[in-house]
Amino acid sequence: MGRKGIAIMLDERKEEAFCTILREELQLATGCTEPIAVAYCAARLRQVLGQRPCRILAEVSGNILKNVKSVVVPNTGGRRGLPAAIAVGMVAGDPEARLQVIAHVTEADAPAIGDYLDSTDIRIDCPPTPRMLDIRLTGWAGDHKAVVHVANNHTNIIYVERDGEVLLEKPHSDSAEDNLQDKSVLNVRDILTFAETVDVSRIEDSVGRQLECNTAIAREGLRGDWGANIGSTLLLSGGDVETEARAWAAAGSDARMNGCEMPVVICSGSGNQGITASVPVWRYGVQTGRDRETILRAVCLSDLITIHQKTGIGRLSAYCGAVSAGVGAGCGIAWLRGADYEGICHTITNAAAMISGCICDGAKASCASKIAMGVETGILGYNMYLRGNSFRPGDGIVGRDVEETIRNVGILASQGMKETDRVILKIMTE
């Protein structure tokens, strides 16, 4: 059941598409990405208006509200929620830094952020929208008014207006893939071929940076006292290689969800997914003596499997994206253990059959526990295959092959869980 040699290389056009996808998806971000998107929109609004507004209307989609509500915004004195995200962007955000808009905010800025919150009328509305990621901020200062609208992707500004003059209006859709590389080129066989054969120098900037940043915040998560300390709690029960893989990934989320200012390389728009897709694979590789190139290839495989699953699900939904990344990590670890295409396919199918349906009830401390479960399920999926046990087509959402299973998960998440999302939001806000 091991690998049967290296596959033939992809053609240059497809290989370049895969490299572009990695560059687009593996972005450096400081703070949880939904508060970052709000802070970025706020910093742009200040830039357009030419001053800080004294009154703000924030119109956001339910999934933005859900994912900003409970997570700590770094360097705001422990503040959470939309007003804090808006205020940090207004007071100290750098609009040119995009997902690192709050990278240079310090604890010294916290009093000014508090003063702005106390003196500014910030109103929140959650109007109906077909877009899961939708942020429209309107600000007033004296006789002046400005509008900035971000949609579909965290820094995708689609509309800017000042004093009634439209400064930017981009054509857009309601798709999370708006203005991104076409991901229809992704399939499990080609992802595996790419990971095994790409010149590793082509992924060093993206995947290499991901390893550097995400392992650093995981180390901090184990060293410090962050949130519910899921990572360090896992290590209390023993330190075998699989437990270490889960614990290190959870620790990165412990720190990130609870206000750690260290940057993370995200995947599919999420820092938790970026951590989950990379850290457990890295830790498994280090603990089993693999060299850097082998680990880079394994993490690349994990990233692309994660992205492939998430393409059908969307950036935000009621479906926990960390479990998709856990499945990806399971594939990266399976590859380090010798899995070939068949083994990777069964890892995905088995894991997706077990954990699909895990809900996303917003970014917060408990995300770390879902990460640990996702990685554990990914590893279990391969262990099942090694013993000759796999779920069969027709068992629940399991399709006739791995690609149909991935499509089924996308349908479940993007269509089947819409009402679940509404109920989650109702519970969280009432």
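## Helix 15

Helices (H or I, at least four residues) are DSSP runs, numbered from the N terminus. The expected span of a helix is 1.5 Å times one less than its number of residues. Helix 15 (residues 402–416) has 15 residues. From first C-alpha to last, helix 15 reaches 20 Å, close to the 21 Å expected.

This is a predicted model: local features need pLDDT of at least 70, side-chain atom pairs count only at pLDDT 80 or more, and totals for chains, interfaces and linings use all residues. Residues are numbered from 1 along each chain as its sequence is written, and side-chain values use heavy atoms, without hydrogens and water.

## Ends and cover

Asp 401 caps the N-terminal end of helix 15. One of its side-chain oxygens lies 3.2 Å from the backbone nitrogen of Glu 403.

Buried means under 20% relative accessible area (1.4 Å probe, protein chains only). Buried residues in helix 15 include Glu 403, Ile 406 and Val 409. Their cover includes helix 6 (188–197), helix 11 and helix 13 (341–355).

## His 308

His 308 sits in helix 11 (residues 292–313). His 308 is buried, at 11% relative accessible area.

Leaving aside residues up to four places away in sequence, His 308 touches (heavy atoms within 4.5 Å) residues including Leu 186, Ile 191 and Ile 406.

Key. Helices (H or I, at least four residues) and strands (E, at least two) are DSSP runs, numbered from the N terminus. Buried means under 20% relative accessible area, exposed over 50%, partly exposed in between (1.4 Å probe, protein chains only). A polar contact is a pair of N or O atoms within 3.5 Å; within protein, one must be able to donate a hydrogen and the other to accept it, and residues adjacent in sequence count only if both atoms are side-chain atoms.
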